[in-house]
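Have the sequence and the model side by side.

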Amino acid sequence: MNARSGPSFVTLGVAAEITEALAEAGITHAFAIQEYTLPIALKGSDVIGQARTGMGKTLGFGIPVLDRVFDDATVTAPDGTPRALIVVPTRELCLQVTDDLTLAAQNLRVPVGAEGASQRKNNKTRALQIQALYGGVGFEKQTAALARGVDVVVGTPGRLLDLARQGYLQLGAVEIVVLDEADEMLDQGFLDDVRDIITQTSDMRQTMLFSATMPGPIAALTRTLMRHPVLIQADSAATEATHDTTRQVVFQSHKLDRLSALARILQSPGRGRSIVFARTKRQAANVAEELAELGFRVGAVHGDMRQNDREKSLGEFRRNEVDVMVATDVAARGIDIEDVTHVINYQVPDDERTYVHRIGRTGRAGNTGTAVSLIGWDEVTRWNAISDALGLGLQDPPQWFSSSEEFLAEFDLPNNVGDQVGPARSVKGAALKVKKSQRRPRR
């Protein structure tokens with residue numbers, strides 16, 4: 001069950017315009033990361049927030065950003081030049097954060113011009129403007145929006161730097177900076193770009209950094225770019241880097257039996273929307289095609305798809321038009337859905353950070369979930385390193401086949417379960433087409 005058991009946003013001192021907008025969406029009480037972050041961030045202090053994906057950190061930083069830009073005497077009054085900047089690692093996350101902030105900001109209006117918040121009641125007002133800036137699409141709409149005036153920018157590092165270097169994006173007046181999923185930006189090699197972006201903002205800025213894990217380069221970044229930050233840990237970094245509400249199942253799976261194991265796991269009682277993680281774009285496309293042929297309602301998101309197709313596929317998953325999404329790690333960053341019941345690692349993740357990010361897609365916000373990892377017989381050493389790093393105690397997992405009694409019992413499946421669940425379907429989301437000769441035979 002999804003339950004917010006913390007204090008209400010009203011009692012935490014959030015602006016009435018924001019609390020009313022959130023209440024209309026059924027959001028009235030804070031999760032832990034929000035409860036701890038808001039009193040500090042609303043005062044303008046620097047914050048380091050360490051929390052798993054799915055614990056509500058977007059509103060943890062988004063509410064203070066909106067509240068302070070809207071009506072804080074220590075922040076320069078909005079005038080259409082960006083006052084706040086939120087840097088995210090991917091296009092999908094950029095769009096998701098923008099949507100969340102837009103919902104919370106729907107009642108916010110600021111004075112036209114730079115007269116100041118104290119004149120709000122006596123002057124003509126306009127809506128607070130939030131703009132997503134990301135690559136993979138043309139510049140024209142984004143530069144036109146900046147020309148009209150933007151108060152809060154959510155963007156990916158590459159596009160932010162491109163727009164700043166061409167003079168379209170003015171960063172000097174940015175007084176609030178947020179780095180979201182900083183460890184993912186490190187993994188993608190964006191850290192130098194992030195430093196470049198932040199150094200162009202106001203020297204008197206408030207900086208907030210959020211990350212599921214805190215590797216050395218991220219810790220070093222906080223020391224050089226933040227002033228006396230307050231560390232907020234909604235979870236501890238070891239075993240609690242994974243959700244208490246997530247059941248973790250790990251077993252060795254032979255590559256010739258892996259598709260059958262996957263198909264049967266997806267028939268587990270109570271299985272709802274599920275994400276299957278593949279290591280490569282080609283594998284994501286292959287697995288999606290094979291599941292579709294078995295009759296599953298499946299979509300795919302990976303790097304070889306056009307941005308519009310990826311957004312379409314994610315939309316179909318959010319609307320439950322498909323209930324299985326096969327994804328690569330980068331493409332999955334835009335999947336921000338609280339009721340994913342299963343995450344399945346089709347192969348062992350590359351490292352413990354990837355594992356934490358992947359299984360963080362289930363067991364979110366008080367829901368329960370199941371995370372299943374299918375480990376190749378030649379991948380046990382890598383899995384043992386992940387288990388050791390996170391203190392999971394799941395080293396040397398058992399060897400199961402899709403017909404094993406232990407496998408069937410673990411997933412509460414009948415002895416006569418098969419792979420096919422219905423007539424063959426087509427893959428949603430324009431996954432890569434795979435020649436039949438490249439597909440391995442099914443058992």
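T246 stands opposite G369 in β15. This is a predicted model, in which local features need pLDDT of at least 70, side-chain atom pairs count only at pLDDT 80 or more, and totals for chains, interfaces and linings use all residues. Residues are numbered from 1 along each chain as its sequence is written, and side-chain values use heavy atoms, with hydrogens and water left out.

R247 also has a bridge partner in β15, namely T370. In total, 7 bridges join β10 to β15 (residues 369-375), and the two strands run parallel. Strands here are DSSP runs of E with at least two residues, helices are runs of H or I with at least four, and both are numbered from the N terminus. Two strands pair if DSSP finds at least two bridges between them.

β15 also pairs with β14, again in the parallel sense, over 4 bridges. There, N345 has S373 as its bridge partner.

Now step back to the whole sheet.

How many residues of β15 are buried? The count is 7 of the 7, so the strand is largely enclosed by the rest of the structure. Buried means under 20% relative accessible area, exposed over 50%, and partly exposed in between (1.4 Å probe, protein chains only). In a regular strand the side chains alternate between the two faces of the sheet. Both faces of β15 are covered: G369, A371, S373 and I375 lie on one side, T370, V372 and L374 on the other.

Axes are lines fitted to C-alpha atoms, for helices over the stretch in contact, and angles run from 0 to 180 degrees between N-to-C directions.

Elsewhere, two helices meet. The axes of α2 (residues 32-41) and α3 come within 8 Å and cross at roughly 25 degrees. That makes α2 roughly parallel to α3, a term for angles under 35 degrees. K57 lies in α3 (residues 57-71). K57 is buried, with a relative accessible area of 7%.

Notes. Angles under 35 degrees count as roughly parallel, over 145 as roughly antiparallel, 65 to 115 as roughly perpendicular and the rest as oblique.
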